[in-house]
Amino acid sequence: MDSNLRREIILDNYQNPMNKGVIEDDGYLKINSNNESCIDNLDFFVKIEDGILKDIRFDGEACAISTSATSIMIRKLIGKNILEVRKILKNYNNMINELEYDADLLGELNVYDEICKQPNRKNCALLPSVAIERILSKLENK
Amino acid sequence: MNREDFLMLNEDIVYLDNGATTLKPKEVVQSMVDYYTKHTSNIHRGEYDAAIITNQLYDGARDVVAKFINSESSEVIFTSGSTMSINMVVFGYMKKHLKRGDEVLLTKSEHASNILPWMKLSEDIGITIKFMELNEDYELTVESVLKSITERTKVISIAQVTNVVGDVRDVDAIGKICKEKKILFNVDGAQSVPHMRVDFKKSNMDFLSFSGHKMCGPSGVGVLIVKKELLDEMEPLCYGGGMNQSFEADMTYELKVGPSKFEAGTPPIAEVIGLSKAIQYLEKIGIEKIHEYEVELKKYLVKELEKIPNIILYNKNSNSGILAFNIDGVFAQDSAIYLNHFNIYVRAGNHCAKILKDNMKIKNTVRVSMYFYNNKKDIDRLIEALKKSEDIFKIVI
């Protein structure tokens with residue numbers, strides 16, 4: 001991907017993130033994604049109905065990579081069922097961790113395909129996927 | 001000054017993260033290399049030449065520390081660092097001597113290591129933690145201390161210099177108040193002892209903690225100074241060799257008296273030797289001179305930063321080499337990543353002062369913390385990079 005386009009997508013999602021801000025609704029599952037290696041600290045709110053991720057929101061303070069990745073991830077996952085979500089997350093995590101993945105499944109998330117060149121930023125990019133996975137596990141353990 | 005003593009400064013870097021840890025001068029490293037290559041041996045009970053040298057250096061380190069901060073050698077305990085030192089105070093002394101309802105006064109700008117142990121103690125035995133008010137510069141005044149004290153106040157536990165705001169607390173005055181009102185005075189010296197003259201006796205401290213690695217010494221070693229009459233009343237948190245006088249099969253035992261009681265097991269010998277060398281090194285330069293130099297450097301830094309319109313400063317008035325700032329609209333971590341691109345090393349985050357946000361209204365900052373080997377050229381490089389920061393996202397993304 002052209003690096004200017006990549007930067008533009010990331011910056012746009014950082015400065016105008018999708019679904020940022022909390023709304024009062026008991027139907028959301030909440031989780032905090034405190035990134036251990038740095039100072040990103042985001043809360044995630046996910047509404048799941050009939051196995052479908054109806055809505056995802058987030059709030060908090062985080063760096064450009066974490067925030068933009070969260071915004072792009074939210075856009076990608078809303079409306080998908082849990083199986084589809086798990087598949088996307090697995091492929092996304094694999095991409096970040098330099099393992100085999102299917103780029104066709106990831107859409108705009110492909111802007112992070114070179115983040116592995118900055119190892120200290122991998123956890124920033126992984127922040128939203130770790131959070132959503134934790135919410136799914138929480139749901140399964142209920 | 002003394003830049004030539006630091007091999008890391010031969011690299012093209014600007015090191016401004018001294019509040020986290022400092023660089024090590026060659027002679028400190030050499031003293032440890034000598035231990036590992038010329039006289040490796042355990043302390044105590046060794047009758048051979050190498051052990052005698054090691055013993056002299058280890059025991060001598062207590063005298064070096066005592067002279068440096070004006071205490072008795074018999075009040076100097078070697079620990080693994082400030083965090084351990086404060087935990088020893090809280091769980092080794094306070095747990096036994098405080099009771100439900102007793103008040104401990106802290107501030108919201110304390111490091112986690114001077115808040116969490118107290119929170120745990122509160123959970124364990126029901127002491128009450130109160131936060132003394134900070135002024136508009138996030139500093140603690142003597143008036144605020146006086147206002148906070150009640151009949152139930154048993155302890156004041158504060159950093160002499162805080163690690164985000166960098167304000168220098170008037171420990172002489174606070175120590176005097178503590179003495180008059182029979183309040184125990186616990187001082188976290190992690191950010192003060194490396195940078196300015198600290199006087200344990202004159203300031204009437206009861207406990208003082210600091211770390212080796214923040215004062216040109218190695219990591220893994222720190223100090224806890226405990227006033228003699230309290231030291232005997234303190235219980236060790238760790239039991240084993242080197243700290244007992246005797247123990248028998250009938251379950252009786254007797255512990256050593258003095259600092260050894262708190263140094264179970266083989267201590268960090270090389271590190272203690274390195275710390276001792278570091279203190280001697282600092283004294284050679286002159287600790288007063290170091291403080292003066294850093295304050296001057298900070299004035300220059302503030303003057304230059306104030307010329308850049310999109311920089312927000314949080315503690316320009318504090319009298320130390322610490323400055324917290326943000327680039328307007330940029331998350332602190334992104335700023336630090338940006339500066340790293342210019343080989344400028346700073347720290348971003350809450351700096352372990354997680355409840356200071358209640359006062360500052362901002363969770364994360366970029367922190368510049370200076371030491372005597374920094375110079376105006378370092379600051380000029382930082383300023384130059386920050387002036388170009390409208391391009392920040394071209395670099396960090």
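## Burial and the model as a whole

A residue counts as buried here if 20 or more other C-beta atoms lie within 10 Å of its own, with C-beta atoms placed from the backbone. By that criterion, 49% of the 397 residues of chain B are buried, while in chain A buried residues make up 37% of the 142 residues. Please keep in mind as you browse that this is a predicted model.

## Chain A

Let us begin with chain A, which has four helices and three strands. Reading from the N terminus, its elements follow the order α-β-β-β-α-α-α. The radius of gyration of chain A is 14 Å, close to the 14 Å that the globule rule gives for 142 residues, so chain A is as compact as a globular protein of that length.

If you are setting up a box in your head, the C-alpha atoms of chain A fill roughly 40 × 30 × 25 Å along the principal axes. Take the contacts in chain A between residues at least 6 apart in sequence: 59% of them join residues at least 24 apart.

Chain B holds 13 helices and 15 strands. Along the principal axes, the C-alpha trace of chain B spans about 75 × 55 × 35 Å. Of the contacts in chain B with a separation of 6 or more, 71% are accounted for by residues 24 or more positions apart.

The chain is divided into domain 1 (26-284) and domain 2 (286-396). The C-alpha centres of these two domains of chain B lie 29 Å apart. Their contact takes 21 residues from domain 1 of chain B and 24 residues from domain 2 of chain B. On the domain 1 side, the touching residues divide into nine nonpolar, five polar and seven charged.

## Where the chains meet

The contact between the chains takes nine residues from chain A and 13 residues from chain B. On the chain A side, helix α1 (residues 3-15) gives the most, with three residues.

## The nonpolar core

The largest nonpolar core has 152 residues, and those with the most contacts inside it are Phe44(A), Ile156(B), Ile225(B) and Ile273(B). Helix α8 (residues 269-285) of chain B supplies the largest share of this core, nine residues. Domain 1 (26-284) and domain 2 (286-396) of chain B both give residues to the core, so it lies between them.

## A closer look around Ile225(B)

Leaving aside residues up to four places away in sequence, Ile225(B) touches Ile69(B), Ser71(B), Glu75(B), Val76(B), Phe200(B), Phe207(B) and Leu208(B). One of these, Val76(B), belongs to strand β2 (residues 76-79) of chain B. Strand β2(B) is joined by four bridges to strand β8 (residues 222-226) of chain B, and the two run antiparallel. Within this pairing, Phe78(B) stands opposite Val223(B) in β8(B).

Which way do the residues of strand β2 (residues 76-79) of chain B point? Val76(B) and Phe78(B) point one way, Ile77(B) and Thr79(B) the other way, and all are buried. In a regular strand, side chains alternate between the two faces of the sheet.

Note on methods:
Residues numbered from 1 in each chain as written. Chains lettered and ligands numbered in written order. Predicted model: local features only at pLDDT ≥ 70, side-chain atom pairs only at ≥ 80, totals over all residues. Domains from an automatic or database assignment. Contact = placed C-beta atoms within 7 Å. Nonpolar A, V, L, I, M, F, W, Y, C, P; charged D, E, K, R; others polar. Rg over C-alpha atoms; globule rule 2.2 N^0.38 Å. Buried ≥ 20, exposed ≤ 12 C-beta atoms within 10 Å, placed from the backbone. Core = buried A, V, L, I, M, F, W, Y, C linked by C-beta atoms within 7 Å. Pairing = 2+ DSSP bridges.
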